[in-house]
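Subject: Structure handover and notes

Hello,

I am passing on the structure that you asked about. Please look through it before reading the notes below.

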Amino acid sequence: MDSLMQLLGGFETALSWWNLFYCLVGVTVGMLVGVLPGLGPATATALLIPITFGMDPISAIIMLAGIYYGGMYGGTITSVLINTPGEAASVITCLDGYPLAKQGRAGVALGVAAIGSFIGGTISIIGLAFIGPALAEWALKFGPPEFFALMLFGLVMVVGLMGRSLIRGLIAAFLGLILSLVGLDPVSGAQRFTFGQPFLLEGFDIVTITMGLFGISEILLGMESMYKTGELPKVKGLLPRRDEWKPTMKAIGRGTALGFVSGLVPGTSSTIPALLSYSLERQIAKDKSRFGKGAIEGVAGPETANNAYCGSALIPLFTLGIPSSPTIAILLGAFIMHGLTPGPTLFMENPNFVWAIIASMFIGNLILLIMNLPLAGMWAKVALVPPKLLYPIILLITVLGAYSINNSLWDVGVMYAFGIIGYFMKKLDIPMAPVVLTIVLSKLMETSLTQSMTIFEGNMFAFFQRPISATLIVLSIVVLIFSVFAEVKNKKSALAGDIEM
Amino acid sequence: MIRQNAGIWAGIVLLLFSVFVFWQSFSLHYRTAFGPGPGMFPRWLSGILIVLSLVYIWQSARKEIFRLSEILPKGEGLINILSVLLSVFVFMVIVNRTGFMIAGTAMLFIVLFRHFKWYAALIIAFVVTLILFLIFKPLLGVPIPVNQFGW
């Protein structure tokens, strides 16, 4: 009941004209980056952070969160119409969405995806509103050892689940950890790897590195291949046939549950629930041969799952202060820049803020539903901008964004260098998400480990004497052993794909 | 054969990097009177990365082989990538003197002129830069690099 009252209070804030405007801007940019290949939600969120410096924190996060969940909607359109996923979570949608479009049913695929996304997204936000406060209250009992164990678990999950090779995942994670060491040591204040350079004192900026790894590398890859923009199929008839409603709604229900649960597990990404949902739908279907040829459940399930994931993936951020994907890591950065500390105390210390964001997400999802149902055809036209024009424009925006973080060309240079590194990492199939996540998490991990060691007076095994930290560390070890086993047996390809551009 | 193996080359670069960090970590204190010192994390992390790079090199030689010829861009793709890299480099070198309008136009022109007629490329480059300038500076108030005339 308490949550409901606070949520209503949140709506009061979120429904102010300015916040509605920022919500609209956020979800529109989200749709755009979802539609445009070469610009993903992580880069776009990073790009818009400098713009929010002068803004009220609530409006700023409303806008940035809009990009995050809006991107999931946009990616569907290009997957269905031109067989080119705009973002990673929509790769699966191509499998059945594009065949549907070729049968002249593009409208139905988009309609079902939009309805599923709306239902999945809305239910997961309801979950966030009601599970979030309870989880945050429970997390108040966490001390440094529990937080360390939780972050370790999140990292192991990222490394274990992403990419096709455990070794490459680990390399990415350790690379991120080492990069985060540059600058001042948080505990002793000593300078590490600064080589007397003043701009290295504050370490590498997560926003700049994300723009390089995810943005510039994607531009380089896009400029190398220069995809062809083809003809757009006609979008008409947005609703499925009468006999298709029942299986569609069932797939949407299953997708919602899968997506929501996946979001709660630290270290998962929106691609994973989409993939799980697709294989579930295929497995339980009476006629499996329909899949890949235009099965409506193959679009409804995964599209719902990735949107349901989006809302629930914010739960670990809001309640524990732990990001589970690069985009959420950027959001975490934005929280901190605006003087907010995500974690168990957020619900208590900044209730206005939290509830306004949650309320704005309901509104954002409704705006997205309207944008997607009647206006899908219009958005698809954006994808027809030729890449030879699109990529250079994105490049200039990215350079400008990097410069404006600290008013310095140093950041542009760092982004440039990480763009080249990211390009080769993609080619060598080394996942990039662990790099970004470890950079964010490592300072927190180092501090909580040092504090734990002080509490335990140097006894490492004391981690196993506290039930929560012991459980999480044991789980991490199990996941790691499982990943090593899968790697040795060469079975680690099912959940492949670098996640969230 | 080995010289064509991109994984091995990447592994060697990674190994050199981690050995360098490992070596550098010895200039930091491993322990302090209160507990772990600033050198503890760097030493362990780079030590583990050394082991990981060695396993990666071994794996690249035996299991999944990425050939250099498949990884490095070639032909038109290579020229496109080089033009992107050159354009950002030129932007960084000149922007503090020329300001955003000239540097941005030059940057876009370098990437665009091979795909459009030169005058069309110049016009597109200028118009896009101008639009971005107007959106970012007067409208959003975001600091961008400008010359003495304010553009």
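The notes below cover the two chains in turn, then their contact and a few single residues.

This is a predicted model, in which local features need pLDDT of at least 70, side-chain atom pairs count only at pLDDT 80 or more, and totals for chains, interfaces and linings use all residues. Residues are numbered from 1 along each chain as its sequence is written, while chains are lettered from A and ligands numbered from 1 in the order in which they are written.

Chain A

Chain A has 21 helices and 2 strands; helices (H or I, at least four residues) and strands (E, at least two) are DSSP runs, numbered from the N terminus. Its C-alpha atoms fill a box of roughly 65 × 55 × 50 Å along the principal axes.

Of the 501 residues in chain A, 62% are buried. A residue counts as buried if 20 or more other C-beta atoms lie within 10 Å of its own, as exposed if 12 or fewer do, and as partly exposed in between, with C-beta atoms placed from the backbone. Among contacts in chain A between residues at least 6 apart in sequence, 81% join residues at least 24 apart. Two residues are in contact if their C-beta atoms, placed from the backbone, lie within 7 Å.

Chain B

Chain B comes to 6 helices and 2 strands, and along the sequence the pattern is α-β-β-α-α-α-α-α. The radius of gyration of chain B is 24 Å, well over the 15 Å that the globule rule gives for 151 residues, so chain B is more spread out than a compact globule. The C-alpha trace of chain B spans about 55 × 50 × 25 Å along its principal axes. Buried residues make up 31% of the 151 residues in chain B. Of the contacts in chain B with a separation of 6 or more, 56% are between residues 24 or more positions apart.

The domain assignment, which is automatic or from a database, divides chain B into domain 1 (6-70) and domain 2 (76-140).

An unreviewed UniProt entry places the feature "transmembrane region" at residues 7-26, 41-58, 79-112 and 118-136 of chain B. UniProt positions are given in the numbering used here, feature names are shortened, and annotations may be inferred rather than shown by experiment. In the model, residues 7-26 of chain B are 95% helix and 0% strand, with end C-alpha atoms 29 Å apart. Residues 41-58 of chain B are 100% helix and 0% strand, and their end C-alpha atoms lie 26 Å apart.

Where the chains meet

How many residues of chain B are in contact with chain A? There are 49, and they touch 43 residues of chain A. The elements of chain B that give two or more residues to this side are helix H1 (6-25), strand E2 (35-36), helix H2 (40-62), helix H4 (75-98), helix H5 (100-112) and helix H6 (118-139). H2(B) gives the most, with 10 residues. By class, this side of chain B has 36 nonpolar, 13 polar and no charged residues. Here Ala, Val, Leu, Ile, Met, Phe, Trp, Tyr, Cys and Pro count as nonpolar, Asp, Glu, Lys and Arg as charged, and the others, Gly among them, as polar.

The nonpolar core

The largest nonpolar core has 205 residues, and A:Leu64, A:Ala109, A:Ile171, A:Phe174, A:Leu331, A:Ile358 and A:Val436 touch the most other members. Domain 1 (6-70) and domain 2 (76-140) of chain B both give residues to this core, so the core lies between them. Such a core is a set of buried Ala, Val, Leu, Ile, Met, Phe, Trp, Tyr and Cys residues joined through C-beta atoms within 7 Å. Leaving aside neighbours within four places in sequence, A:Leu331 is in contact with A:Thr45, A:Leu64, A:Ala65, A:Tyr68 and A:Leu317.

A:Phe195 has a positive phi of about 50° although it is not a glycine. A:Phe195 sits in the loop between strand E2 (191-192) and helix H9 (206-225) of chain A, and is exposed, with 8 other C-beta atoms within 10 Å. A:Asp429, also not a glycine, has a positive phi near 60°. The place of A:Asp429 is the loop between helix H19 (409-427) and H20 of chain A, where A:Asp429 counts as partly exposed, with 16 C-beta neighbours inside 10 Å.

A:Pro434 is in helix H20 (residues 433-455) of chain A and counts as buried, with 29 C-beta neighbours inside 10 Å.

Regards

Key
Rg over C-alpha atoms; globule rule 2.2 N^0.38 Å.
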